[in-house]
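Please look over the chain shown here. This report covers a few side chains and their surroundings.

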Amino acid sequence: MKLFTALPVGLITALALSGGPSALAAELPHTHSGSQVTAAVSKQWPTTLPLPTGERPEGLAVSGTTGYAASFTDGSIWRVDLRTGKWQLLTPATGVASVGLRLDSHGRLWVAGGYAGNLRVIDSHTGKVLATYQLTKDANTAVNDMTFLDGALYVTDSFSPYLYKLPLGKGGALPEQSEVQAIPLKGMTYTNDNGGWNANGITPTPDGKALLVIQTDTGVLYRVDQATGQATPVDVGGADLSWGDGMLLEGTKLYMTRNEPNKLAVLQLNKTGTKGRLTTEVTDPRFDCATNVTRIGSKLYITNGRFFATDPANTTYSIDAIPDPA
């Protein structure tokens with residue numbers, strides 16, 4: 001997520017549902033098989049899913065025929081039937097915006113708490129909050145996006161140069177607060193440009209041996225050692241990835257939303273995630289500050305934050321589906 005104007009803390013809030021090949025099976029997103037979902041995605045399914053008025057979407061996750069959106073406006077979590085477009089409030093507003101979402105195979109939604117510096121774990125069926133973790137007490141924080149790798153959850157902070165690690169226990173057991181680790185992020189330039197949104201979208205490398213993190217302000221994609229926090233720029237052949245936000249990794253193919261340019265970039269990576277090339281970029285008249293991307297069957301679902309809306313409280317936001325361009 002990247003916001004372009006300063007907002008009050010209570011109004012401040014970016015991922016994509018992706019899993020690395022080395023993530024434990026217990027932590028991988030739970031969806032139907034690709035063939036089942038592809039067969040189920042009907043032409044009659046809506047391709048634009050308007051949210052309730054004023055509920056600006058940021059994080060996005062899907063499971064089967066159900067989608068989940070995190071509200072940038074007030075922190076509430078909404079559940080949508082992708083077949084009908086009907087929304088239901090899952091978890092009420094917190095007063096502080098929610099950002100990235102991650103859904104695991106236990107039916108738990110992990111919710112990044114933005115300026116609150118925290119992370120919530122929610123039962124995706126009941127909306128019950130199962131756990132809350134304070135990742136940092138620093139007021140200069142914007143806990144943003146997350147991914148699983150080797151049985152742990154890694155979380156980006158767009159304002160403070162740290163990765164937060166939450167190691168899961170046997171069978172995906174939730175960690176204790178004392179187990180939360182803050183790993184200094186080294187080698188990635190943090191700036192105050194355009195609101196200072198730095199480390200943002202995150203996903204494992206194709207070989208599952210490191211992490212990929214996009215630096216939104218500079219547009220540099222980094223390969224990050226999850227143990228040391230050392231970040232090394234990925235050679236993308238000069239591709240423009242400025243305003244990069246949410247990411248979805250499928251094999252060696254990386255989808256990335258670029259929120260201000262209103263584009264979806266598709267890159268082909270090598271297995272180690274050290275090199276890549278831009279294969280295509282997609283635009284759509286419905287894109288309006290595209291923040292996150294995920295897949296159901298042959299369709300990609302994109303959240304649109306509409307950061308420049310003059311009256312956010314009375315604006316209708318949406319999740320929009322497009323055919324896979326790759």
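Is Phe159 buried or exposed? Phe159 has a relative accessibility of 15%, so Phe159 counts as buried. The model is a predicted one.

## An aromatic cluster

Tyr115, Phe159 and Trp197 form one aromatic cluster. The model has five aromatic pairs. One of them joins Tyr115 and Trp197. This pair is stacked, at 6.4 Å centre to centre, with 5 degrees between the planes. The two residues are 82 apart in the chain. Tyr115 sits in the loop between strands S7 and S8. Trp197 sits in the loop between strands S13 and S14.

Trp197 is buried, at 3% relative accessibility. Tyr115 is partly exposed, with a relative accessible area of 21%. Phe159 and Trp197 also pair: their ring centres lie 4.8 Å apart and their planes meet at 50 degrees, so this pair is tilted. It again links distant parts of the chain, 38 residues apart. Phe159 lies in the loop between strand S11 (152–157) and strand S12 (162–167).

## Arg258 and its contacts

Arg258 belongs to strand S19, residues 253–258. Arg258 is buried, with a relative accessible area of 3%. Which side chain does the Arg258 side chain meet in a polar contact? Glu281 is the partner, at 2.8 Å. A polar atom of the Arg258 side chain also lies 2.9 Å from the backbone oxygen of Ser242.

Beyond residues up to four places away in sequence, Arg258 touches several others, including Asp240, Trp243, Lys263 and Ala290. Gly219 is 39 residues from Arg258 in sequence. Their C-alpha atoms are 9.3 Å apart.

Terms used: Residues are numbered from 1 along each chain as its sequence is written. This is a predicted model: local features need pLDDT of at least 70, side-chain atom pairs count only at pLDDT 80 or more; totals for chains, interfaces and linings use all residues. Side-chain values use heavy atoms; hydrogens and water are left out. Helices (H or I, at least four residues) and strands (E, at least two) are DSSP runs, numbered from the N terminus. Buried means under 20% relative accessible area, exposed over 50%, partly exposed in between (1.4 Å probe, protein chains only). Contact means heavy atoms within 4.5 Å. A polar contact is a pair of N or O atoms within 3.5 Å; within protein, one must be able to donate a hydrogen and the other to accept it, and residues adjacent in sequence count only if both atoms are side-chain atoms. Rings of Phe, Tyr and Trp (its six-membered ring) pair if their centres lie within 6.5 Å; planes under 30 degrees apart count as stacked, over 60 as edge-to-face and the rest as tilted.
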